[in-house]
Amino acid sequence: MVEVALEGCCKDQLFDQRALRFEVSEGENLDLPYDLERAIQHLEKGEHSIVYLKPSYAFGSVGKEKFQIPPNAELKYELHLKSFEKAKESWEMISEEKLEQNTIVKEQGSVYFKEGKYKQALLQCKKIEAQKAQALPLASHLDLSMCQLKLQAFSAAIERLYKGPFRRGEPTGVE
């Protein structure tokens, strides 16, 4: 969880001024550019920062009608990270906590996928994979592959077939 105060400007016009508290990877639901959220993750508590986003890292060729941001606009955000709460590391959790956390992450990934938010779904799937989930490897592996296909990352999806539980001769957990 992060708590941040921000001001967003486009061509020296203020379009966004908020104090937010949200879970990392949920920023897009709050109309934050994905790469702004990545920048927030690199701040330290109490730090002030100015972040300049090129169009491809902001709202891209579509802009953001809600804020009257035109297509291909460069943005400037002033940030103040007020606080953050670090989640438990995988090694700090007992097996039941890991399973519960992975189930929550997988369900959230499924919601994002159904909503067509493939980047966010991909992030959720990667969280499970990064934690080396033992209880949900096949399901998370399939979800990750589907996200890569939807994002047209075909070579990554094919590579996944050779790295994941689908390798020839390896058990898949599917009867």
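## Asp-16 and its partner

The side chains of Asp-16 and Arg-18 are joined by a polar contact of 2.7 Å (a pair of N or O atoms within 3.5 Å; within protein, one must be able to donate a hydrogen and the other to accept it, and residues adjacent in sequence count only if both atoms are side-chain atoms). Please keep in mind that this is a predicted model, in which local features need pLDDT of at least 70, side-chain atom pairs count only at pLDDT 80 or more, and totals for chains, interfaces and linings use all residues. Residues are numbered from 1 along each chain as its sequence is written, and side-chain values use heavy atoms, with hydrogens and water left out.

Asp-16 sits in strand E2 (helices, H or I with at least four residues, and strands, E with at least two, are DSSP runs numbered from the N terminus). With a relative accessible area of 4%, Asp-16 is buried (buried is under 20%, exposed over 50% and partly exposed in between, with a 1.4 Å probe and protein chains only). Apart from neighbours within four places in sequence, Asp-16 has contacts with Leu-6, Glu-7, Gly-8 and Phe-67 (contact means heavy atoms within 4.5 Å).

Strand E2 spans residues 13-22 and runs antiparallel to strand E1 (residues 2-10), with 9 bridges joining the two (strands pair if DSSP finds at least two bridges between them). One of these pairings links Val-2 to Phe-22 in E2.

The hairpin has 2 residues between its strands, and Lys-11 there takes a positive phi near 55°. Asp-12, in the loop between E1 and E2, also has a positive phi, near 65°, although it is not a glycine. Asp-12 is exposed, at a relative accessible area of 75%.

Glu-26 belongs to the loop between E2 and helix H1 (34-41), and it counts as buried because its relative accessible area is 17%. Beyond four places in sequence, Glu-26 touches Glu-37, Gln-108, Tyr-112 and Gln-124.

Gln-68 lies in another loop, between strand E3 (48-53) and strand E4 (75-84). This non-glycine residue has a positive phi near 60°. Is Gln-68 buried or exposed? With a relative accessible area of 74%, Gln-68 is exposed.

## A nonpolar patch

Met-146, Leu-149 and Phe-154 make up a nonpolar surface patch of about 280 Å². Patches take residues with over 30% relative accessible area and no salt bridge, joining like charges within 9 Å and nonpolar side chains (Val, Leu, Ile, Met, Phe, Trp, Tyr) within 5 Å; a salt bridge is a side-chain nitrogen of Lys or Arg within 4 Å of a carboxyl oxygen of Asp or Glu.

Leu-149 is part of helix H4 (residues 137-150). A relative accessible area of 40% makes Leu-149 partly exposed.

## The chain as a whole

Stepping back, the chain holds 5 helices and 4 strands, in the order β-β-α-β-β-α-α-α-α from the N terminus on. Of its 175 residues, 34% count as buried. Among contacts with a separation of 6 or more, 54% come from residues 24 or more positions apart.

The chain exposes about 11,400 Å², with carbon and sulfur atoms supplying 52% of that area (accessible areas come from the Shrake-Rupley method with a 1.4 Å probe; for residues, only the protein chains shown count as cover).
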